[in-house]
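User: I have a new structure to look at. Can you walk me through it?

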Amino acid sequence: MSEVSFKSSSSQELESYLLLAKSAKGAACVQLIKEVLAAPNIYVFSEVLRMPNVSALSQQPETAQFFSLLELFSYGTYKDYKEHASNLPELTEPQLKKLKLLSIVSLAGEKHVLNYADLLQYFDISNVRELEDLIIDAIYKGLIKAKLDQKKNQVEIEYTMGRDLRPGQLDQMLQILSAWSSTSSDILRSIDEKIIEIREASQATAQAQEEYENKVERITSDIKNSSRNFKANEASDNRMAIDQFKSAEYSEEISRNRLSKRRFFTGRR
């Protein structure tokens with residue numbers, strides 16, 4: 001049976017019992033509770049508990065134990081039943097199996113991995129085959145989504161159905177959610193502050209990088225300009241030196257020519 005079809009049949013069956021609960025009173029209402037607890041497709045009972053005729057059972061000593069039993073199936077476990085069995089009606093086999101299935105849901109909600117050894121002891125089951133049949137039935141009915149690991153002798157839980165809330169549990173959940181919301185707000189505020197810090201640091205880094213690049217560019221430009229000036233001055237100095245050298249040679253040549261002329265004229269005399 002698929003999870004969708006199971007939920008559909010469960011809802012339809014529960015609706016029929018809710019209609020009967022509107023008129024059933026006293027012993028008839030007690031019988032209705034017995035049938036609801038044995039019904040193979042009903043695993044939530046809060047709507048039945050809220051029915052006026054059902055709630056009235058808690059006010060009568062002879063019927064109060066059946067109302068308590070209905071409460072136990074709503075949010076209790078097999079362990080709870082064993083602890084209060086003396087004050088509760090004896091369970092039939094279908095009721096006992098259903099309570100064990102509901103207990104698997106509760107246990108699976110607490111741990112993601114359930115060991116066979118713990119479950120065998122918890123449910124007073126003597127062999128693994130019987131335990132695995134119970135777990136497979138819970139999976140088939142859509143109460144849990146899990147995998148059996150026979151090598152490790154454990155059940156790996158992926159999903160569980162939601163059970164009815166205990167009295168006061170809703171307020172606890174709201175407090176937890178409120179605390180979570182407050183913590184989340186603080187975390188988000190801290191993240192926003194970090195983002196602002198990172199953005200400002202990034203902008204400062206970008207500005208520093210830009211200033212550094214500008215400085216490097218100025219220094220590079222100054223070096224190039226200095227190099228050009230140095231080369232220009234060096235060339236000018238070289239030209240001057242050459243000119244001076246040429247001028248000295250020219251003067252020397254003139255002096256030699258003059259000296260030669262004097263000697264020439266002196267010899268002729």
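Analyst: Let me start with one residue. Lysine 97 counts as partly exposed, at 39% relative accessibility; buried means under 20% relative accessible area, exposed over 50%, and partly exposed in between, with a 1.4 Å probe and protein chains only. This is a predicted model: local features need pLDDT of at least 70, side-chain atom pairs count only at pLDDT 80 or more, and totals for chains, interfaces and linings use all residues. Residues are numbered from 1 along each chain as its sequence is written, and side-chain values use heavy atoms, with hydrogens and water left out.

User: Which residue forms a salt bridge with lysine 97?

Analyst: Aspartate 137 does, with the closest N and O atoms 2.9 Å apart. A salt bridge here is a side-chain nitrogen of Lys or Arg within 4 Å of a carboxyl oxygen of Asp or Glu. The pair links distant parts of the chain, 40 residues apart: aspartate 137 is in helix H9 and lysine 97 in helix H7 (residues 93-110). Helices (H or I, at least four residues) and strands (E, at least two) are DSSP runs, numbered from the N terminus.

User: And is aspartate 137 buried or exposed?

Analyst: Aspartate 137 is buried, with a relative accessible area of 15%.

User: How many salt bridges does the count come to?

Analyst: Five. Another one joins glutamate 158 and lysine 147, whose closest N and O atoms are 3.9 Å apart. Glutamate 158 lies in strand E3 and lysine 147 in strand E2, so this pair ties together parts eleven residues apart in sequence. Glutamate 158 is partly exposed, at 46% relative accessible area.

User: What lies in the loop between those two strands, E2 and E3?

Analyst: Asparagine 153 lies in that loop, between strand E2 (144-149) and strand E3 (154-160). Its phi is near 55°, a positive value in a residue other than glycine. Asparagine 153 counts as partly exposed, at 40% relative accessibility.

User: Which side chains meet in a salt bridge at 4.0 Å?

Analyst: Those of lysine 194 and glutamate 197, N to O. They are three residues apart in helix H10 (residues 169-268), which means about one helical turn separates them.

User: Switching topic. At what angle do H8 and H9 pack?

Analyst: Helix H8 (residues 116-123) and helix H9 (residues 128-140) pack at about 90°, with their axes 10 Å apart. Axes are lines fitted to C-alpha atoms, for helices over the stretch in contact, and angles run from 0 to 180 degrees between N-to-C directions. That makes H8 roughly perpendicular to H9; the cut-offs are under 35 degrees for roughly parallel, over 145 for roughly antiparallel, 65 to 115 for roughly perpendicular, and oblique for the rest.

User: Which residues make the contact?

Analyst: From H8, Tyr116, Leu119, Leu120 and Phe123; from H9, Val128, Leu131, Glu132, Leu134 and Ile135. Contact means heavy atoms within 4.5 Å.

User: What about the loop between H8 and H9?

Analyst: Aspartate 124 lies there. Although aspartate 124 is not a glycine, it has a positive phi of about 60°.

User: How many aromatic pairs does a search of the whole structure find?

Analyst: Three. Rings of Phe, Tyr and Trp (its six-membered ring) pair if their centres lie within 6.5 Å; planes under 30 degrees apart count as stacked, over 60 as edge-to-face and the rest as tilted. The rings of tyrosine 78 and phenylalanine 123 have centres 6.0 Å apart and planes at 45°, so that pair is tilted. Tyrosine 78 and phenylalanine 123 are both buried.
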